[in-house]
Structure formats: structure tokens, C-alpha cells
Protein chains: 2
Amino acid sequence: MQNGAVDAREDEKRELRLWLRLLTTTKVISQEIRRRLRREFGATLPQFDVLSQLFREPDGLRLGELSKRTMVTNGNVTGLVERLETEGLVVRQALPSDRRVTITRLTDEGRAIFQRMADAHETWLKDMMSDVDPIIVSGLLAHVDKVIHSAQRHTSDDGTPDEA
Amino acid sequence: MQNGAVDAREDEKRELRLWLRLLTTTKVISQEIRRRLRREFGATLPQFDVLSQLFREPDGLRLGELSKRTMVTNGNVTGLVERLETEGLVVRQALPSDRRVTITRLTDEGRAIFQRMADAHETWLKDMMSDVDPIIVSGLLAHVDKVIHSAQRHTSDDGTPDEA
DNA sequence: TGAAAATATTTGAAGCTTAAAATAAAATCG
DNA sequence: CGATTTTATTTTAAGCTTCAAATATTTTCA
């Protein structure tokens with residue numbers, strides 16, 4: 001028993017190690033999804049993300065809302081939506097009652113294409129996680145939530161317990 | 001009990017939901033780490049990642065190796081290392097025995113600065129995960145590994161069971 | 001009302017990201 | 001040996017990313 005100290009030190013790095021694992025997981029999976037989205041739909045992951053948010057809001061969203069939901073900065077959403085509009089998947093329209101606001105919504109074509117993307121996307125994920133016991137998937141689902149909440153509470157930008 | 005069908009459908013989306021949660025987690029945490037790295041060290045997350053890999057290889061790494069370990073494309077590593085060299089944190093040197101190869105290693109300054117970054121980084125993570133029971137962290141550590149392995153096995157680029 | 005503050009979005013600069021093409025230097029083998 | 005293939009890295013083009021500064025437009029309230 002000469003490495004008690006090492007175990008203790010390693011044990012203190014639990015959080016760090018979990019973080020590195022989470023990072024690796026999302027890198028591996030999102031690279032694969034990116035590849036497939038590009039190959040099969042000529043789309044990017046952020047574009048898919050935007051379409052996905054708009055899909056569940058038939059009345060459209062203002063850019064600020066879209067920015068929050070996709071966790072993409074405001075400036076970023078501008079270009080993202082611009083490109084999607086060029087492709088004919090979304091439309092932008094000014095809000096007459098408040099001329100600062102732009103509302104974006106899916107076009108019929110955008111809706112149809114997103115449907116196909118979403119189906120493929122779900123299949124890809126089931127495939128990539130097919131070696132993981134469903135029980136474990138469910139367990140992870142619950143526990144990862146705790147990490148999200150903890151992280152959000154200790155973050156400077158959102159859900160801030162700062163400035164009190 | 002009228003929503004049995006809904007439950008079943010939802011249940012099929014376990015993997016999808018886990019994926020979205022993982023994505024949210026890494027976005028929240030990495031945004032915070034990015035912010036702090038920038039504020040406190042004027043560095044980016046990919047730069048931190050490169051430094052971290054070089055830190056554990058005193059003899060340096062060839063760019064291709066660095067690219068694999070950081071999961072960053074070759075072309076990307078070129079610019080990343082270039083900028084780090086400008087800052088004096090790493091040096092590049094050609095390998096005389098094979099003139100295609102470039103070896104990169106930390107400078108003494110790079111090593112010292114990385115030490116400080118790494119300490120801060122570990123603290124930030126402990127802080128962000130401080131509301132999560134250590135038992136759960138350890139459990140996640142093990143289970144997330146299963147997801148990584150499954151994903152890697154079902155991916156077109158690495159660990160390919162393709163082309164057999 | 002009209003100046004100041006708040007809100008919504010866009011722009012700009014620097015850097016990261018990918019995939020794919022280009023360059024360069026070995027290695028293979030006919 | 002010398003042409004072909006492989007390997008290592010760089011370059012390029014398009015898009016994403018952040019933060020911060022700039023524009024517009026509304027709101028507040030003195």
C-alpha cells in the first residue's frame with residue numbers, strides 16, 4: 001500500500017477526468033454527425049440546430065430567442081439565418097409593432113427537409129449508441145442533468161447567483 | 001393510462017435525448033472555460049488543449065501526432081502551433097532524418113504558463129461540478145466511457161470496421 | 001417632450017473548423 | 001535506378017465562433 005497518496009491525488013481529479021471524457025464523447029459523435037449531415041444533406045450542425053428550434057415553433061422565433069435556444073451568439077445567428085434564407089429553408093420578416101425585431105420561421109421546404117434530416121439524425125444516434133445498454137443510457141440521461149445544473153449554477157453568464 | 005403510446009415513442013428517443021443533454025453540458029461548461037481562459041490567460045480552449053498534449057511529451061510531438069491527440073485536423077494544427085510559436089509558448093523544429101516532419105515542443109515559458117492554466121482549469125471544473133455527488137461523478141466517468149467506445153466503433157473515420 | 005437608458009440586431013476582427021487540393025519528401029518496387 | 005505510391009504538412013475556401021463595438025429602435029422618466 002505505497003500509493004495511497006497517488007490514489008488520493010487521482011481521486012481529486014475526478015471532475016477533471018469526467019470533463020475530458022465528456023469532451024471526447026461530444027467531439028467523436030459530433031464529428032460523425034457533421035460528416036453525415038454534410039454528405040447527405042449539405043448542411044452543417046449549427047444549421048441543423050437552428051432548423052430544429054424553428055421546427056417546434058410554427059410561428060417563428062425572434063433572432064434573440066433563437067440565439068438563446070441554440071446557445072449561439074447573436075452575431076452568429078445573423079449569418080446562420082442569412083445562409084439558411086439563401087437556401088430557401090427559412091424566411092425573415094420584420095415585426096411591424098417593433099421594428100428592431102426580426103422573426104424567422106421555416107419555409108415549407110425547410111420543414112420538409114428538416115423532417116428528413118431529423119429522422120436520419122435520430123437513426124445515426126441510435127446506431128452510434130447501440131453498444132450501450134439502454135439502462136445505462138437512461139441512467140446517464142438523469143445523471144448528466146445534474147452536471148448541467150451544477151455547471152449552470154456556477155457559471156458567470158446564465159442563472160447567475162452573482163451581482164446579488 | 002392513456003399515453004402508453006407516447007411513452008413508448010419517447011422511450012425510443014433515449015439516445016437522442018442523451019445526445020442533446022451531452023451537447024448542452026459540454027456547451028455550457030466549455031463556454032465558461034473559454035471565457036475564463038480568455039480573461040485570465042488570453043488563451044483559447046484549442047490552444048490550451050495543444051499545450052496540454054505537449055506538456056506531457058517533453059520530447060515534443062510531430063504535428064500529425066498532435067493533430068490526432070487533439071482531434072483537430074492537420075490544417076488546423078498548423079495555424080494553432082504557428083500562433084503559439086508567435087507567443088513564445090512552443091517551438092517548431094524540423095526533423096533532420098525526415099524532412100517532411102516538424103516537431104513541436106513547449107518552451108520553458110510555455111511550460112510555466114501551462115502549469116498555471118492547468119491548475120486554474122482544474123479548480124474551475126471542481127467548482128462547476130461541485131453540486132454533483134462524487135459518487136455520481138465516478139459513475140458517469142465509467143458509463144460515459146461506454147458511450148465513447150460505442151460511438152467510436154460506429155464511426156466512419158476511426159477504429160473503422162469498414163473496408164474489410 | 002426629449003435626453004438617457006434599455007433592447008434587438010448587425011458588423012468587424014481574430015481565431016477555430018472542416019474538407020479538399022497542393023506541396024514536398026520519403027518509401028516501395030518493377 | 002526511377003516511376004509510383006505513401007506519408008507529413010500546408011494552403012485554401014467556406015463557414016462557425018467569440019467578444020466588442022456600432023446601429024436602430026423603443027422605453028423610461030425628469
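Me: How many residues of chain A are in contact with chain B?
Reply: 57 residues of chain A, against 57 residues of chain B. Contact means heavy atoms within 4.5 Å. This is a predicted model: local features need pLDDT of at least 70, side-chain atom pairs count only at pLDDT 80 or more, and totals for chains, interfaces and linings use all residues. Residues are numbered from 1 along each chain as its sequence is written, and side-chain values use heavy atoms, without hydrogens and water.

Me: What area do chain A and chain B bury between them?
Reply: About 5,900 Å², with 68% of it on carbon and sulfur atoms. Buried area is the accessible area (1.4 Å probe) that two parts lose on being put together, summed over both. A:Trp19, A:Met71 and A:Leu141 supply 12% of what chain A buries against chain B, more than any other three residues.

Me: And how many salt bridges between chain A and chain B?
Reply: Eight. The rule wants a side-chain nitrogen of Lys or Arg within 4 Å of a carboxyl oxygen of Asp or Glu. One pairs A:Lys27 with B:Asp49, closest N and O atoms 3.3 Å apart.

Me: Which element gives the most to chain A's side?
Reply: α2(A), with 22 residues. Helices are DSSP runs (H or I, at least four residues), numbered from the N terminus.

Me: Switching to chain B. Why does the span of helix α6 agree with what it should be?
Reply: Its 21 residues, 108–128, should span 30 Å at 1.5 Å a residue, and the end C-alpha atoms are 30 Å apart. The expected span is 1.5 Å times one less than the number of residues.

Me: Which residues in α6(B) are buried?
Reply: Among them are B:Phe114, B:Met117, B:Trp124 and B:Leu125. Buried means under 20% relative accessible area (1.4 Å probe, protein chains only).

Technical notes
Chains lettered and ligands numbered in written order. Helix = DSSP H or I, 4+ residues; strand = E, 2+ residues; numbered from the N terminus. Buried < 20%, exposed > 50% of the residue type's maximum accessible area, 1.4 Å probe, protein only.
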